[in-house]
Structures are given as structure tokens and as C-alpha cells.
Amino acid sequence: MSILKIRTIGDPILTKIAKPVEEINDFILKLATEMIDTMIAGDGIGLAAPQVGYSIRMLAIDLSLIEKDALPMVYINPEITKTEGECEMEEGCLSVPEVFANVKRPEKITFAYTDLDWKKHSVFADGYLARVLQHEIDHLNGHLFVEQLDKTEKSKISKKLKKIKPDGWTPKSK
Ligand code: NI
């Protein structure tokens with residue numbers, strides 16, 4: 001098992017627009033496994049490739065910490081095609097350790113992605129999956145959840161935010 005270093009807020013890779021994945025090859029398959037291992041070791045429910053140093057459009061999501069029977073999934077070139085409603089939920093991020101805040105986002109989404117067999121899918125999502133996907137796709141566009149907080153939420157986290165060092169951290173293998 002190999003666990004990758006997670007980049008933290010202040011690292012310039014987190015502000016870049018990630019490039020589309022053009023094919024599935026050994027590198028992508030290895031990265032998919034490493035991203036899943038790293039996310040699980042870090043107790044995360046989602047991880048985007050830029051968070052581990054690769055500016056490409058690829059995500060890992062594992063909802064098993066909150067939904068029984070959920071399996072780790074990898075989404076290549078994910079794209080939201082439709083949004084509905086709005087809701088507020090608390091979010092955190094492995095790149096912004098120990099900071100949690102309420103974020104408003106669309107409640108339901110339709111999204112397209114490619115899987116590791118290079119097959120295309122279009123899927124409807126609500127609940128946690130919709131939430132995590134939107135958070136992770138923001139990473140691919142160079143954005144972190146703390147950028148879109150309202151004033152009250154921003155002031156609640158400002159002290160903790162200043163303490164985060166931009167040199168990253170590596171979760172311990174379980
Ligand atoms: Ni995040």
C-alpha cells in the first residue's frame with residue numbers, strides 16, 4: 001500500500017485548473033489505487049488528484065464512513081451537467097485539516113464521468129454523493145470550500161485557517 005502526501009492550502013497546485021485525463025494507462029490505474037489508499041488512511045470521503053500532487057481531472061470517493069455498504073469509486077473527467085435546488089451541509093477537506101464549515105450548494109446534480117474501463121456514464125446524485133462530488137470537482141477547478149463561505153462561517157474558521165502550514169501531510173497507513 002502506498003500512501004501519498006496530501007497538499008495543504010497555500011500549495012499552488014490547489015489553485016490550478018486540472019487537465020483532462022486522456023487515456024487509462026498503468027500510471028492512472030496505479031494513481032487510482034494510491035488515491036483510494038490515501039483517502040482511507042486520512043479518514044476522508046473524497047480526494048481529488050491535485051490534492052496529492054497531480055493536476056489531472058480524477059477523483060476518488062468513498063462514502064463508507066457515512067453510508068453502510070458504500071464502495072470506493074474513481075471518477076475520471078467528471079462534469080456536472082445539471083443542478084437542482086440548494087442545501088447547506090458541513091464540509092471539511094483533507095487539504096484544510098481540522099477545519100469544518102457550512103457550505104451552500106445545489107442539492108441534486110446530474111453528472112457525467114468516465115470509469116477506469118474508459119466507459120462513459122451519466123448519473124443522478126443527491127445527498128452526500130452530490131455534496132462530495134461538487135466539493136471534489138471544485139478542487140479540479142482550483143477552488144477550496146473555504147473560499148465560498150459566508151461572513152459568519154468565515155470568521156468562525158479564520159484562526160484555525162491561519163495555523164495550517166502549506167507543506168502538506170501524510171496520513172498513517174491503517
Ligand atoms: Ni477537499
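Here is a friendly chat about a predicted model and the reasons behind some of the words used for it.

Me: Why is Gln-134 called buried?
Reply: Buried means under 20% relative accessible area. Gln-134 has 6% relative accessibility, so the word applies. You can find Gln-134 in helix α2, residues 127–140.

Me: Which residues is Gln-134 in contact with, leaving aside neighbours within four places in sequence?
Reply: They are Ile-80, Arg-105, Pro-106 and Ile-109. Contact calls for heavy atoms within 4.5 Å, and Gln-134 meets that with each of these four residues.

Me: What makes Cys-93, His-135 and His-139 donors of the nickel ion?
Reply: A donor here is an N, O or S atom within 2.8 Å of the metal. The atoms in question are SG of Cys-93 and NE2 of both His-135 and His-139, and they lie 2.1 to 2.2 Å from the nickel ion. That puts them inside the cut-off, so they count as donors. Along the chain their spacing reads C-x41-H-x3-H.

Me: Why can one say that Cys-93 and His-139 tie together parts that are apart in sequence?
Reply: Cys-93 belongs to strand β4 while His-139 belongs to helix α2, so the pair links parts 46 residues apart in sequence. Cys-93 and His-139 are both buried as well.

Me: How do you know that β4 and β5 pair?
Reply: Pairing needs at least two bridges between two strands. Strand β4 (residues 87–93) and strand β5 (residues 96–105) have six bridges in the antiparallel sense, so they qualify as a pair. In this pair Met-89 stands opposite Val-103 of β5, and a hairpin of two residues joins β4 to β5.

Me: What makes β1 and β7 edge strands?
Reply: The open sheet has five strands in the order β1-β2-β3-β6-β7, paired antiparallel. β1 (46–48) and β7 (120–125) each pair on one side only, and that is what an edge strand does here. On average, neighbouring strands of this sheet are turned by 40° against each other, direction ignored.

Me: How do you know that β3 and β6 pair within that sheet?
Reply: The test is again at least two bridges. Strand β3 (residues 73–84) and strand β6 (residues 108–114) run antiparallel and are joined by six bridges, so the test is passed. Here Ile-76 stands opposite Thr-114 in β6.

Me: Which strands does helix α1 touch as it packs on the sheet?
Reply: Helix α1 (residues 26–41) touches β1, β2 (58–61) and β3, and its direction makes about 40° with that of β2. Helix α2 lies across β1, β2, β3, β6 and β7, running at about 150° to β2.

Conventions: Residues are numbered from 1 along each chain as its sequence is written. This is a predicted model: local features need pLDDT of at least 70, side-chain atom pairs count only at pLDDT 80 or more; totals for chains, interfaces and linings use all residues. Side-chain values use heavy atoms; hydrogens and water are left out. Helices (H or I, at least four residues) and strands (E, at least two) are DSSP runs, numbered from the N terminus. Buried means under 20% relative accessible area, exposed over 50%, partly exposed in between (1.4 Å probe, protein chains only). Donors are N, O and S atoms within 2.8 Å of the metal (3.2 Å for Na, K and Ca); water is not among the atoms, so sites may look incomplete. Axes are lines fitted to C-alpha atoms, for helices over the stretch in contact, and angles run from 0 to 180 degrees between N-to-C directions.
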